[in-house]
Amino acid sequence: MHGVTSRIGGLVAVLLLAVVGACAPGTVSFACTPYAEGEELAARPSPFDSVHVAVGEANAKVCYSRPSARERVVFGGLVPWDMLWRTGANEPTLLYLDAPAQIAGIAVEPGRYSIYTVPSQSEWQVVVNASTAQWGQTRDVTLPDGNVSRNAYTSDVEAEEVGRAPIQTTAVDYVEMFTTSFGTPAAGSVDLHFEWEETRIIVPITFGGADAP
């Protein structure tokens, strides 16, 4: 019951922050809002974390959970090919921006966005969604007790997609725990890196919106 109460409380906090953001254009709260807190959050197998970068006068922050491989095949196994992925664990990975920007060429206003990806053996896609209050799960999962945990990427959530775009991937030395970082900012832009197993996903962010160079 405590876990359910915490998750509901976290969801209410997320919704309240969304309302506040809608009522005050140009102001973006950078507070991470996981559904759990305290001991429950600390006990998660996939730790909750965040990273921040300043790009000139603009800022970007990512709040996310960090699953581990634990000797499992990640891409093409734990994370299936050609299926939507929450790009982490638990809640969807959230990207916060306090200035207009382009995410992999997708123009966005200041605010919070959930970042999904579609891994593929040929080409990855990044999916930018304006919905941030949903749980991150992107497919039905059968639980040990036989019940089914349902896909949280519902048609209502899908309807809030801002856009999809191809992204670059490169090979890296083995990374056990899913890791997010920012590259070195340059000329109003910065690369957002997601790394796991032997893959780095590169999502370019350029501040200045659709008119940026």
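1. Surface. The protein chain has an accessible surface of about 10,500 Å², and 53% of that belongs to carbon and sulfur atoms. Accessible areas come from the Shrake-Rupley method with a 1.4 Å probe; for residues, only the protein chains shown count as cover. The model is predicted: local features need pLDDT of at least 70, side-chain atom pairs count only at pLDDT 80 or more, and totals for chains, interfaces and linings use all residues. Residues are numbered from 1 along each chain as its sequence is written, and side-chain values use heavy atoms, with hydrogens and water left out.

2. The protein chain has 213 residues, and 47% of them count as buried. Buried means under 20% relative accessible area, exposed over 50%, and partly exposed in between (1.4 Å probe, protein chains only). Among contacts with a separation of 6 or more, 59% are between residues 24 or more positions apart. A contact means heavy atoms within 4.5 Å.

3. Elements. The protein chain holds 3 helices and 11 strands. Their order along the sequence is α-α-β-β-β-β-β-β-β-β-β-α-β-β. Helices (H or I, at least four residues) and strands (E, at least two) are DSSP runs, numbered from the N terminus.

4. An open sheet is formed by 9 strands, in the order 1-2-3-6-7-10-11-4-5, with antiparallel pairing. Strand 1 (48-55) and strand 5 (106-108) stand at the edges; each has a single partner strand, so one side of each is left without a neighbour in the sheet. On average, neighbouring strands of this sheet are turned by 35° against each other, direction ignored. For such angles, axes are lines fitted to C-alpha atoms, for helices over the stretch in contact, and angles run from 0 to 180 degrees between N-to-C directions. Two strands pair if DSSP finds at least two bridges between them.

5. Strand 6. Is this strand buried or exposed? In strand 6 (residues 111-118), 8 of the 8 residues are buried, so the strand is largely enclosed by the rest of the structure. Both faces are covered. Gly111, Tyr113, Ile115 and Thr117 are buried on one side; Arg112, Ser114, Tyr116 and Val118 are buried on the other.

6. Neighbours of strand 6. Strand 3 (residues 94-97) pairs with strand 6 in the antiparallel sense, over 4 bridges. Here Leu94 has Ser114 as its bridge partner. Strand 7 (residues 124-129) also runs antiparallel to strand 6, joined by 5 bridges. Val118 has Gln125 of strand 7 as its bridge partner. Strands 6 and 7 form a hairpin, with 5 residues between them.

7. Strands 4 and 11. Strand 4 (residues 101-103) is joined to strand 11 (residues 189-207) by 3 bridges, and the two run antiparallel. Ala101 stands opposite Phe207 of strand 11.

8. In soluble globular proteins, nonpolar side chains tend to be buried together. The largest nonpolar core here has 37 residues, and Leu97, Phe182, Ile205 and Phe207 have the most contacts inside it. Strand 11 gives the largest share of this core, 8 residues. Apart from it lies another core of 6 residues, among them Leu84, Tyr116, Val127 and Val157. A nonpolar core is a set of buried Ala, Val, Leu, Ile, Met, Phe, Trp, Tyr and Cys residues joined through side-chain atoms within 4.5 Å.

9. Phe182. Which residues does Phe182 contact, leaving aside its neighbours within four places in sequence? They are Val51, His52, Val53, Ala60, Lys61, Val62, Val190, Asp191, Leu192 and Ile205.

10. The disulfide. A search of the whole structure finds 1 disulfide, a term for a pair of cysteine sulfur atoms within 2.5 Å. The disulfide joins Cys32 to Cys63, with S to S at 1.9 Å. The link is left-handed, with -75° about the S-S bond. Cys32 lies in the loop between helix 1 (2-23) and helix 2 (38-42), and Cys63 in strand 2 (residues 58-65), so the pair ties together parts that are 31 residues apart in sequence. Cys32 is partly exposed at 25% relative accessibility, whereas Cys63 is buried at 3%.

11. Positive phi. Most residues other than glycine have a negative phi. Glu71 has a positive phi, near 65°. Asn90 also has a positive phi, of about 60°, although it is not a glycine. Glu71 is in the loop between strand 2 and strand 3, and Asn90 is found in the loop between strand 2 and strand 3 too. Glu71 is exposed at 84% relative accessibility, whereas Asn90 is buried at 17%.
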